[in-house]
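The sequence and the coordinates come first, and the description follows.

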Amino acid sequence: MVLKQKKQLYRWREEDLERLRNFRLLDDDFMTKCFEGDPRYIEFVLRIILDMENLQVIEVHTQAFVDNLTNRSVKLDVLARTISGCTINVEIQRADKGAGFVRARYHHSQIDSNLLPKGEKVEDLPVT
């Protein structure tokens, strides 16, 4: 019986290792788990991508839902806020499908529409 259990555990371990070998940071589920909760991880990636060595991320939300009561809502892969008050949206796409400029424009408009409180001037819109 013990030998059979060891073989089963070994098989499960090998299956788990194979799944891990196939993970990519650009996989939506894996990326969500890697970046959720601790700003240091997305900060590291953004410093490289944006070439901003001093960038400091103070808040991060993965799979952030931006609700629009009258039109299409959006779910953002990663929404981060920097110490300077800048909001950054990171969208992960492994394929060209769904990665168009119009989609990015719409996502950005939804972020902007939720950043400016009523009564504020458009010129006061925070950097995104």
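## Sheet

Two strands count as paired if DSSP finds at least two bridges between them. Strand 1 and strand 2 are joined by eight bridges and run antiparallel. The model is a predicted one. Strand 2, residues 74–82, also pairs with strand 3, again in the antiparallel sense, over four bridges.

Together the three strands make an open sheet in the order 1-2-3, with antiparallel pairing. Strand 1 (57–66) and strand 3 (87–90) are at the edges; each has a single partner strand, so one side of each has no neighbour in the sheet. On average, neighbouring strands of the sheet are turned by 25° against each other, direction ignored.

How many of the nine residues of strand 2 are buried? Seven are, so strand 2 is largely enclosed by the rest of the structure. Two of its residues, Ala80 and Thr82, are described here in more detail.

Ala80 belongs to strand 2 and stands opposite Ile88 in strand 3. Its relative accessibility is 2%; because buried means under 20%, Ala80 counts as buried. Neighbours within four places in sequence aside, Ala80 is in contact with Ile42, Val57, Glu59, Val60, Cys86, Thr87 and Ile88. One of these contacts, Glu59, is 21 residues away from Ala80 along the chain, and the C-alpha atoms of the two are separated by 5.5 Å.

Thr82 also lies in strand 2, and Val57 stands opposite Thr82. Thr82 is buried, with a relative accessible area of 2%. Its contacts, apart from neighbours within four places in sequence, are Leu55, Gln56, Val57, Ile58 and Ile88. A further bridge links Arg81 to Thr87, the partner in strand 3.

## Hairpin and backbone angles

Strand 2 and strand 3 form a hairpin with four residues between them. Gly85 is in the turn and has a positive phi of about 95°.

Most residues other than glycine have a negative phi. Which residue in the loop between helix 3 and strand 1 can be set against that background? Asp51 has this place, and its phi is positive, about 55°, although Asp51 is not a glycine. With 70% relative accessibility, Asp51 counts as exposed.

Gln63 is another residue other than glycine with a positive phi, near 50°. Gln63 is located in strand 1. Its relative accessible area is 25%, and Gln63 is partly exposed.

## Helices

Helix 3, made of residues 39–50, lies across strand 1, strand 2 and strand 3. It runs at about 95° to strand 1. Helix 4, made of residues 101–113, likewise lies across strand 1, strand 2 and strand 3. Its angle to strand 2 is about 55°.

Helix 1 covers residues 2–22 and contains Leu3. Is Leu3 buried or exposed? Leu3 is exposed, with a relative accessible area of 58%. From Leu3 to Gly85, 82 residues apart along the chain, the separation of the C-alpha atoms is 58 Å.

## Largest pocket

Rolling a probe the size of a water molecule over the atoms shows where empty space is left. The largest pocket has a volume of about 300 Å³. It is lined by 15 residues, and Asn89, Glu91, Ala104, His107 and His108 are those that lie nearest its centre.

Which element gives the most to the lining of the largest pocket? Helix 4 does, with five residues. Strand 3 and helix 4 each supply at least two residues of the lining. By class, the lining consists of six nonpolar, seven polar and two charged residues.

How values were computed: Residues are numbered from 1 along each chain as its sequence is written. This is a predicted model: local features need pLDDT of at least 70, side-chain atom pairs count only at pLDDT 80 or more; totals for chains, interfaces and linings use all residues. Side-chain values use heavy atoms; hydrogens and water are left out. Axes are lines fitted to C-alpha atoms, for helices over the stretch in contact, and angles run from 0 to 180 degrees between N-to-C directions. Contact means heavy atoms within 4.5 Å. Buried means under 20% relative accessible area, exposed over 50%, partly exposed in between (1.4 Å probe, protein chains only). On a 1 Å grid over the protein atoms alone, a cavity is a set of points where a 1.4 Å probe fits but cannot get out, and a pocket is an open set with protein on both sides within 12 Å along at least five of seven lines; lining residues have an atom within 4 Å of a point. Grid points are joined across faces, edges and corners, and a volume is the space filled by probe spheres set on the points. Ala, Val, Leu, Ile, Met, Phe, Trp, Tyr, Cys and Pro count as nonpolar, Asp, Glu, Lys and Arg as charged, and the others, Gly among them, as polar.
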